[in-house]
Amino acid sequence: MTHVSRTPALVSLNQTSFQFANGETIFNDLNLQFDHTHTAIVGRNGVGKSVLAKLIAGHLQPTAGSVTCSVPLAYVAQTFTADAAQTVADATGTAAALRALQRLQSGEAAAEDFDILGERWDLPERLRQSLDNAGLPDIAPTDLTQPLSGGQQARLALIGALLNPAHLLVLDEPTNHLDGPGRDWLMSELERWRGGLIVVSHDRQLLERMQRIVELTPLGVTVYGGNFSVYKQQRQIHQAAAQATLDQSRTERRREQQRLQNEHDTIQRHAARSLRNAKTANVSGFERAGLKGAARQIMGQVRHGHQQRKSELDARVRDAYAKVLANDAVLMNLPGSAVPAARKVCTLIDACVPWLPAQPFNLTLSGPVRVAVIGPNGCGKSTLLRVLAGQLHPASGECITHVPAAYLDQHLKLLDDRLSVIEQLLALQSPLSESELRSHLAHLQLDAQRVTRASASLSGGERLKAALAVALWGKTPAQLLLLDEPSNHLDLASVQAFEQALQTFPGAIVAVSHDPEFLQALSPTHRLDWHATEWRLQPTN
C-alpha cells in the first residue's frame with residue numbers, strides 16, 4: 001500500500017521491485033515513503049526486511065522502479081566482520097577524519113584534508129565521549145577490534161553511525177549483540193536522535209519506542225501508526241475483519257453451491273422427462289431428434305453456467321483467504337535427549353577462560369539443569385561456551401563435558417555457507433531420513449526452495465534456523481545445548497516457538513542471552529553471573 005507522509009519524505013520507493021539472481025522476486029511494485037517518524041520494519045524471516053534496508057541504504061539496487069533518498073544516511077548491518085588490522089577508528093568510520101586532523105595540527109595538511117574533516121574539529125573529544133557513554137572507557141581509537149566481543153563491536157558500529165553527519169539512520173537488528181547496559185545506552189541515544197530513523201528489529205522493547213510499524217508480508221506492505229502495542233492491536237483488528245470476510249465468503253459459497261445443486265437436480269429431472277416424452281411422442285424422427293437435442297443443450301448450458309458461478313465463488317474465497325495472514329506454527333523439533341538427575345553434564349576444575357583475567361573457576365552441573373549466563377559485553381560469556389563445547393582449552397585448569405553437546409554460536413560458524421542445510425545434515429549422517437528432515441525444516445518455515453539453497457543466500461533468521469537444525473539433528477542427539485544469543489535474527493513468531501520448544505527439552509541447557517523475556521521463558525534453574533573477576537553460580541529459587 002502507498003503511505004503518504006505528513007512531513008517531507010526522506011526516502012521514497014516508487015514502483016520498486018527486487019529480484020534475486022535465481023529469479024525469486026521479493027518485492028514487486030512497492031510504493032513506500034519514510035519521513036522523520038521513527039519507524040520499525042517487522043515481518044517473518046525471509047520476507048525481505050534486510051533487503052529493504054539495503055535498498056534504502058543504497059547497498060542494493062532495485063531490479064525495477066526507483067529508491068530515492070533526499071538526505072545523507074548512515075547504515076549499520078546486522079552482521080559485521082573485523083579483519084586483523086581494523087582499529088576502533090576504522091570501525092567507527094572516523095579514521096580518515098582523525099588522520100586529517102592530525103595533519104592539520106602538525107602543519108602537513110593538504111587541501112582535501114579540510115573536505116575530509118568538514119566541521120568535525122571536535123571529533124576526538126566526541127569519539128572519546130561516545131566510547132565512554134557506550135561503556136567502553138578502556139578502549140582507545142587506535143586499539144584493534146578483533147579481540148573485542150560481538151557486543152563491543154556492535155557498539156562501535158553504532159557509534160560510527162551516530163557520529164556520522166547523517167540525517168537518517170538505517171539500523172538492521174541493532175540490539176542483537178548488546179547487553180543490558182548496551183541496550184540502555186542505545187535506547188537513550190535513539191531517544192535523543194532528531195533525524196529520521198528506520199530500524200529492522202524483533203526486539204520487543206525497542207519496538208515499543210517506535211512511532212510507526214511497517215509490516216512486510218507475502219501480500220505486500222502494511223503501515224501501522226504507533227508503537228508495537230498499537231501495531232498488535234490494529235493487526236488483530238485487521239486480521240479479525242479479514243477472517244470474518246473469509247468465513248462469510250465460505251458460508252455464501254456453501255449456500256450457493258447447495259442452491260445450484262438443487263437447481264441442477266430440478267432441471268435435470270425436467271430434461272429427463274423431456275427426453276422420455278420425446279421417445280414416445282407421436283412425431284417424426286427428425287422432430288424427435290430435435291427435442292432430444294434441445295433437452296441436452298439446455299442441460300449443457302446449465303452445467304456451464306453453474307461451473308462459471310462456482311469458479312466465481314471459489315475465486316472470492318481465495319481472495320478473502322489471501323488477506324488472512326498465515327499463522328502457521330513455527331515448530332522446533334528438538335531431540336528427546338533426557339538427562340538423568342544424577343548424571344554429570346560438565347565439570348570445570350580450577351579453570352580460567354582464555355584471554356581474560358579471572359580467578360580459577362570450579363563448576364559442576366548435573367541433571368537437566370537450565371543455566372542462564374549473564375554478564376556485560378566482553379566478560380567472556382561466548383568464550384566460556386566455546387570451552388564447554390570443547391572448541392577451546394582453558395588457559396589453565398580442566399574442563400570436562402560428560403554428555404554429547406550441541407553448540408550454537410552467535411556468528412553461526414557451524415554453517416557451511418557453500419552448502420544447503422539438507423546437504424549438511426546428510427553429510428552429518430543425521431538419523432532422520434531426507435523426507436523427515438524436509439518435514440522438520442518445513443516446520444521451521446524453511447520450504448523446499450530454501451533447504452536446497454546455499455546457506456549464504458538465506459536471510460539472517462533463516463540461517464539461524466538452519467544452524468539450529470545442523471546443531472540438533474546430527475548423528476548423535478545432544479543432551480546439552482550450548483546457546484549463544486539464540487534469539488538473534490529470529491522473527492517474533494520463531495522466538496516464541498523456540499521458547500516453547502526449549503520448555504519441553506529434557507536435557508541440560510546453558511544459554512547466553514541479553515533478552516530478559518527469552519531468559520524468563522527458559523525457566524532457568526540457575527544463574528551464572530559475572531562479578532568483577534569471577535563467575536558465580538546460584539540457584540534461581
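Ala97, Leu98 and Leu101 of helix H3 meet Leu123, Pro124 and Leu127 of helix H5, where contact stands for heavy atoms within 4.5 Å. The residues of this contact divide into six nonpolar, no polar and no charged, with Ala, Val, Leu, Ile, Met, Phe, Trp, Tyr, Cys and Pro counted as nonpolar, Asp, Glu, Lys and Arg as charged, and the others, Gly among them, as polar. The model is a predicted one, in which local features need pLDDT of at least 70 and side-chain atom pairs count only at pLDDT 80 or more, while totals for chains, interfaces and linings use all residues. Residues are numbered from 1 along each chain as its sequence is written, and side-chain values use heavy atoms, with hydrogens and water left out.

The axes of H3 (residues 95-105) and H5 (residues 123-133) come within 10 Å and cross at roughly 140°; axes are lines fitted to C-alpha atoms, for helices over the stretch in contact, and angles run from 0 to 180 degrees between N-to-C directions. H3 and H5 are therefore oblique to each other, given that angles under 35 degrees count as roughly parallel, over 145 as roughly antiparallel, 65 to 115 as roughly perpendicular and the rest as oblique. Helices (H or I, at least four residues) and strands (E, at least two) are DSSP runs numbered from the N terminus.

Six strands form an open sheet with mixed pairing, in the order E5-E6-E7-E3-E8-E9, and two strands pair if DSSP finds at least two bridges between them. Strand E5 (73-76) and strand E9 (220-225) stand at the edges with a single partner strand each, so one side of each is left without a neighbour in the sheet. Within this sheet, E6 (residues 168-172) and E7 (residues 196-200) run parallel and are joined by five bridges, and Val170 stands opposite Ile198 in E7.

A second open sheet, of three strands, has the order E2-E1-E4 and antiparallel pairing; its edge strands, E2 (25-34) and E4 (64-69), each pair on one side only. Neighbouring strands of this sheet are turned by 20° against each other on average, direction ignored. Strand E1 (residues 11-19) pairs with E2 over six bridges, and Thr16 stands opposite Leu30 in E2.

| Helix | Strands it lies across | Angle to E5 |
|---|---|---|
| H1 (residues 49-57) | E3 (39-43), E5, E6, E7 and E8 (212-217) | about 150° |
| H6 (residues 150-163) | E5 and E6 | about 175° |
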